[in-house]
Amino acid sequence: MHPAPSVILFTSLSGLGFGLLFFLGLDMPAVSGWTAFAFFFVAYALAVGGLLASTFHLGNPQRAVKAFKQWRSSWLSREGVFAVLALLVMGLYAAALIFLDMRLPLVGMIGSALSVITVICTAMIYAQMKTIPRWSQPMTPVLYLLYMFAGGALMAAQIHLATVLLAILTVAQILHWLIGDKAFAKAGSTIGTATGLGILGQVRLLESPHSSTNYLLQEFAFEVGRKHALKLRVIATLCVGLLPVLMLLMTPAGHLVSLVALVLHMIGLFSARWLFFAEAEHVVGLYYDKHRG
Amino acid sequence: MTTLPASTDKKLGLVIDLDICVGCHACVISCKEWNTSNYGAPLSDMDAYGENPVGTFLNRVHTFEVKSAGCNAQTVHFPKSCLHCEDAPCVTVCPTGASYKRSEDGIVLVNESDCIGCGLCAWACPYGAREMDAAEGVMKKCTLCVDRIYNENIPEIDREPSCVRTCPAKARHFGDFADPDSNVSVMTRERGGMELMPELMTKPVNRYLPPRPKADISGEIDILAPLLTPVPENKGGFMGWLDKALEAI
């Protein structure tokens with residue numbers, strides 16, 4: 001799959017934003033006044049910034065508001081609806097906390113729950129795709145949720161929780177890669193089933209339907225990044241969890257340590273998310289004989 | 001429009017005969033010609049006369065080679081367009097309801113004025129039947145020439161999809177799969193019409209007729225064939241001398 005920067009930014013940043021909102025809604029940390037304002041500002045900048053980034057890849061962004069209509073069937077629509085609900089409810093909670101110094105625990109909890117549901121919807125957009133076997137696994141929503149909780153805990157200064165979550169996340173990320181590596185073969189689609197000609201023998205593409213590229217090849221047959229996949233996996237594994245966990249365990253807690261850990265985590269997050277797209281193979285590639293192995 | 005209709009009155013679709021298709025791409029061109037000037041936004045081309053032309057097409061012809069042990073390799077031309085699936089995954093992922101499947105005839109269409117161009121339907125389609133138009137930013141797909149098949153302003157003989165109408169080999173057939181006695185249902189039954197990627201459970205309506213087994217011609221080499229064997233280079237004798245002599249002139 002083509003790793004569009006807008007989608008990588010969107011899923012990464014909004015995941016972090018909603019992760020921070022989740023903890024703020026549960027009063028972790030218990031902030032008020034200007035500190036609360038700063039925390040909520042960062043959370044909203046990430047969540048809203050991410051959502052805005054997601055509109056950059058639309059062909060007709062001016063009609064984006066129509067995407068709230070089909071929540072009964074579409075995960076993308078549900079994501080939009082829950083994101084707006086989460087941001088509204090948390091907005092109410094934040095306003096009461098910052099301007100009236102009033103804690104509304106129930107509102108906070110509802111906002112936290114809505115943030116979780118939003119991230120589940122984001123993950124399900126990918127996990128529902130039977131055409132992309134690497135994504136179509138139960139670990140996909142688990143992974144997105146762990147990124148949300150671990151990143152959120154790190155930003156919300158929940159150091160002990162963040163350490164544990166980052167460690168679990170690292171394991172989950174490796175599992176997602178390992179399961180994903182076998183997913184295409186397990187799904188069973190081959191050039192033989194795609195053309196129906198497998199019953200007659202070994203099939204190969206003799207002539208492409210078009211001499212230059214097209215939308216399908218640009219969108220679904222991304223191959224450049226696979227060359228460096230292993231290196232990027234090592235970088236992602238180190239940065240997402242291992243190095244931040246070591247830092248948090250071995251150095252005295254402080255803003256600077258947390259900040260460096262967060263920067264490292266984000267580098268890992270972006271490389272892992274880039275790989276999530278770049279390594280994902282769509283079955284349509286079979287019609288172009290692009291699948292190897 | 002949110003979800004797929006439980007059932008459709010008709011199941012309009014195509015039968016493509018892989019035994020007959022000669023790979024001339026006439027269906028590709030006639031499809032583009034009809035659909036760029038009728039239903040919805042035109043099918044744009046980028047850099048059409050430059051070094052790297054890219055364009056939107058609703059129908060494309062791949063060419064495959066099939067080999068099995070002990071048999072001659074077989075060339076199969078393979079036209080591919082929307083299969084108008086009964087469980088079309090492209091419809092349910094659409095956040096705006098722009099993608100829908102008609103309950104009256106099962107045709108899968110895009111209402112372009114609602115399409116935001118997110119591309120999710122193309123992700124959900126296993127067959128590459130949908131292409132985003134680079135100029136309009138909306139998703140384009142085969143309409144089964146919905147603006148021809150019911151069109152009373154054109155002669156009756158033309159009221160079938162453009163690709164079917166134009167196919168010089170008659171490799172493409174249009175009809176109603178819900179009717180067990182229709183041309184397409186009979187052909188599918190008699191020739192073992194195949195579903196593409198049945199493992200993905202999309203229940204495609206369009207069917208592909210497999211190529212018929214080829215006759216074994218390995219024992220029937222023409223008696224003149226040995227005379228056509230190329231003359232090897234560096235041949236001795238008279239031919240060798242002649243070759244050298246002619247070369248030297």
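Start by selecting Glu279(A) and Arg233(A): their side chains meet in a salt bridge, with N to O at 3.0 Å. A salt bridge here is a side-chain nitrogen of Lys or Arg within 4 Å of a carboxyl oxygen of Asp or Glu. The two partners come from distant parts of the chain, 46 residues apart: Glu279(A) lies in the segment after helix H10 (255-278) of chain A, and Arg233(A) lies in helix H9 of chain A. Helices (H or I, at least four residues) and strands (E, at least two) are DSSP runs, numbered from the N terminus.

Before moving on, a word about what is on screen: this is a predicted model, in which local features need pLDDT of at least 70 and side-chain atom pairs count only at pLDDT 80 or more, while totals for chains, interfaces and linings use all residues. Residues are numbered from 1 along each chain as its sequence is written, chains are lettered from A and ligands numbered from 1 in the order in which they are written, and side-chain values use heavy atoms, with hydrogens and water left out.

Is Glu279(A) buried or exposed? Glu279(A) counts as buried at 10% relative accessibility, and Arg233(A) is buried as well, with a relative accessible area of 13%. Buried means under 20% relative accessible area, exposed over 50%, and partly exposed in between (1.4 Å probe, protein chains only).

Asp181(A) is partly exposed, with a relative accessible area of 40%.

Now switch to chain B and select Asp45(B) and Lys32(B). They form a salt bridge whose closest N and O atoms are 2.8 Å apart. Asp45(B) belongs to strand E2 (residues 45-46) of chain B and Lys32(B) to helix H1 (residues 26-36) of chain B, 13 residues apart. Lys32(B) counts as buried at 10% relative accessibility, whereas Asp45(B) counts as partly exposed at 40%.

Shared partners join Arg134(A), Asp181(A), Arg233(A) and Glu279(A) into one salt-bridge network. Over all chains, the count comes to 18 salt bridges.

Next comes a sheet in chain B. Which order do its strands take? The three strands run E10-E1-E11 in an open sheet of mixed pairing; two strands pair if DSSP finds at least two bridges between them. E10 (172-176) and E11 (207-209) of chain B stand at the edges with a single partner strand each, so one side of each is left without a neighbour in the sheet. From one strand to the next, the twist averages 25°. Select E1 (residues 12-17) of chain B to see it pair with E11(B) in the parallel sense over three bridges. Asp17(B) stands opposite Leu209(B) in E11(B).

Finish with the cysteines. Zero disulfides are found over all chains, a disulfide being a pair of cysteine sulfur atoms within 2.5 Å. Select Cys85(B): its nearest cysteine sulfur, in Cys82(B), is 6.4 Å away. Cys85(B) is buried, with a relative accessible area of 7%. Last, select Cys163(B), whose sulfur is 6.3 Å from that of Cys145(B), the closest one, too far for a bond.

Note on methods. Axes fitted to C-alpha atoms, helices over the stretch in contact; angles between N-to-C directions.
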